[in-house]
Amino acid sequence: NRYSRLSKLQAFVLRQQIVRAVKALGLKDPVFFYPHAEYCCSLAAEMKDRGFDLVHICMDYEIPDHLEHVRLSDITFAIPEAAFLELQRLFGDKIRKLPQFAAPNSLDRERGHAPASQTIAISEIPTPRLVYLGNVEGRVNLEIVKQVLELHPEWHFVSFGSANLLVQPNWHVLPWVPQDCWAGLLAADGAIGFLPYDCSDPKNLHCVPLKLFDYFALGLPVVGTPITYLREFPELMYLGNTAKELSDAIRLALEEPKDSPKRRKRLLVAAEHSIDNLSRILSPLLAEEGEFRFMLRKSNKG
C-alpha cells in the first residue's frame, strides 16, 4: 500500500479473486461490504467498476478516515452514534444506523476450555478480579486504574497480551486465549468485566466496545468509565468517572447477588447483538437500498 502502482495491482488481483468466487458460488446481485482499512478504497473502487453495490461499515469515530469510503459507497452503516449523526449530516439518507454486533448467540453456543497452563495461571490470581479482555494500550485510562489498585490492593486487575505498564503487584497480564475460552477464565466468583476507558480521547468516548457483549454473554457485572455507549444500559452497568467513583461502582458490582435478574437481562442483550440476528436487521435495509438502486438504473436506461 505504500506504493501507488503496487496498491492498484493488489486491488486488481483481489477483485479478480472475489469475482471468481462470486461466479463459482452463483451469487445473485452480490453486495460488497468493506471497512476503512488502508487498501479498501482502491479495492472498493475496483468492485464498483464491476457493478457491485458497495456497503461501507463505519465502526469507529474518526470521521476523516471514513469520508472517502463513504463517498464510494452506495450505503454506509455507522455503529457509533456520534459517527452516525455526523456522517448523516454530511451525506444524508446514505447513512444508516447499525447496532454493534458481537459473537454468535452466546445463549446457545458451546463453551471452550482454556489451555491447562492458562487455567493454572488465572487460578493463582486472587479474587476479586477486574478483568479487561484485551490489550490496555490506546484505550485504558492507566492513571485511574493505578489509583484504584492503590486504593484497593485486595483487588486484582487482569489484562491480556500487553506488559504490566504500571508495575503494580495486583495487575496481572496473561497471554491471549481464543474467545471460546473466556467463559472458563471468567467463571470464578468475584470476577467482573472492567472497562476503564480513557474518556478524554473522543475515539474512546464514542467507541462501542465488543468486550461489553462478551461480558454480558456471561451475565457478568460490568464496571466502566462513562463512555457514551455504556450509558444506554444504566440498569446493567456500574459507572464511575474518578478512582473513588469507580471503586464504589466495583464494590456494588461485587455485591450483586448471583441470582440478580440483571444477569439474565445481560444475556438477552448479548443475544440481541449477536451475529445470528444481524441478517434480520440488515435484510430490510439492504432490500430497500436494492429497490432504490434498481429504480435508479431503470430511470438511467430510460
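A residue is called buried here when its relative accessible area is under 20%, and by that cut-off Ala82, Ala83, Phe84 and Leu87 are buried in helix α4, which spans residues 81–91. The structure is a predicted model, and its protein chain has 302 residues, of which 45% are buried.

**The chain as a whole**

- The protein chain exposes about 15700 Å², and carbon and sulfur atoms supply 56% of that area.
- When contacts between residues at least 6 apart in sequence are considered, 58% of them join residues that are at least 24 apart.

- Just after α4 comes Gly92, which takes a positive phi of about 70°.

**The parallel sheet**

- Six strands form an open sheet with parallel pairing, and their order across the sheet is β7-β6-β5-β8-β9-β10.
- The edges of this sheet are strands β7 and β10 (237–239), each of which pairs on one side only.
- On average, and with direction ignored, neighbouring strands of the sheet are turned by 30° against each other.
- Within the sheet, strand β8 (residues 191–195) runs parallel to strand β9 (residues 222–224), and three bridges join the two; in this part of the sheet, Gly193 stands opposite Val222 in β9.

**Aromatic pairs**

- The structure holds eight aromatic pairs, and one of them is formed by Phe157 and Trp171, whose ring centres lie 5.3 Å apart with the planes at 50°, so that this pair counts as tilted.
- Because Phe157 lies in strand β6 (residues 156–160) and Trp171 in strand β7 (residues 171–174), the pair ties together parts of the chain that are 14 residues apart in sequence.
- Both partners count as buried, since Phe157 has a relative accessibility of 0% and Trp171 has one of 4%.
- Another pair is that of Tyr229 and Phe233, whose ring centres are 5.6 Å apart and whose planes stand at 70°, so this pair is edge-to-face.
- Tyr229 is buried with a relative accessible area of 10%, and Phe233 is likewise buried, with a value of 10%.
- Tyr229 and Phe233 also belong to a cluster in which ring pairs link them with Phe213 and Phe216.

- The side chain of Arg266 reaches the backbone oxygen of Gly219 at a distance of 3.1 Å.
- With residues up to four places away in sequence not counted, Arg266 touches Phe216, Gly219, Leu220, Pro221, Leu236, Tyr238 and Glu256.
- Two of the regions described above meet at this arginine: Phe216, which Arg266 touches, is also a member of the aromatic cluster, while Tyr238, another residue that Arg266 touches, falls within the range 237–239 of edge strand β10.

Technical notes:
Residues numbered from 1 in each chain as written. Predicted model: local features only at pLDDT ≥ 70, side-chain atom pairs only at ≥ 80, totals over all residues. Heavy atoms only, no water. Buried < 20%, exposed > 50% of the residue type's maximum accessible area, 1.4 Å probe, protein only. Contact = heavy atoms within 4.5 Å. Areas by Shrake-Rupley, 256 points an atom, 1.4 Å probe, with all protein chains shown as cover. Polar contact = N/O pair within 3.5 Å; in protein donor to acceptor, adjacent residues only side chain to side chain. Phe/Tyr/Trp six-rings, centres within 6.5 Å; stacked < 30°, edge-to-face > 60°. Helix = DSSP H or I, 4+ residues; strand = E, 2+ residues; numbered from the N terminus. Pairing = 2+ DSSP bridges. Axes fitted to C-alpha atoms, helices over the stretch in contact; angles between N-to-C directions.
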